Amino acid sequence: QVQLVESGGGLVQAGGSLRLSCAASGSIFRIMGWYRQAPGKQRELVASITSSGITNYEDSVKGRFTISRDKAKNTVSLQMNSLKPEDTAVYYCNAGVGYYTYWGQGTQVTVSS
């Protein structure tokens, strides 16, 4: 049974930092990443990382966010620096293997101005 458990969300002032972590179990994933969904908006990819370490970032977070992966622990993390109010959203861990995609329950990130 696949499970993705996120942690690390919260409230931070603009310019601050947060680190999100996702602990995965039940499979080894080809790709892992983070999506976010703000109120009234579609869910969007924030960053992803493959099993070989290739990363991809949404343009607005490039240079501010860093995704990393610990294959031994089966975790993926997102270090978020220089946070902006527009980064406020529910952040979801995502993992894919084969034809299957899995989601975590989501963690709220709120950035105050």
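The legends below describe close-up views of a predicted model.

Residues are numbered from 1 along each chain as its sequence is written, and side-chain values use heavy atoms, with hydrogens and water left out. Local features need pLDDT of at least 70 and side-chain atom pairs count only at pLDDT 80 or more, while totals for chains, interfaces and linings use all residues.

**View 1. The hairpin of strands E9 and E10**. Strand E9 (residues 89-97) pairs with strand E10 (residues 100-103) in the antiparallel sense over four bridges; strands are DSSP runs of E with at least two residues, numbered from the N terminus, and two of them pair if DSSP finds at least two bridges between them. Tyr 102 in E10 is the bridge partner of Ala 95. Two residues lie between the strands, and Gly 98 in the turn has a positive phi of about 60 degrees.

**View 2. The aromatic cluster of Tyr 35, Tyr 92 and Trp 103**. Rings of Phe, Tyr and Trp (its six-membered ring) pair if their centres lie within 6.5 Å, and planes under 30 degrees apart count as stacked, over 60 as edge-to-face and the rest as tilted. The centres of Tyr 35 and Trp 103 are 4.9 Å apart with planes at 70 degrees, so this pair is edge-to-face. Tyr 92 and Trp 103 are also edge-to-face, at 6.4 Å centre to centre and 85 degrees between the planes.

**View 3. Arg 43 over two rings**. A charge sits over a ring if NZ of Lys or CZ of Arg is within 6 Å of the ring centre and within 35 degrees of the ring normal. Arg 43 lies over the face of Tyr 92, at 3.7 Å from the ring centre, and over the face of Trp 103, at 4.6 Å.
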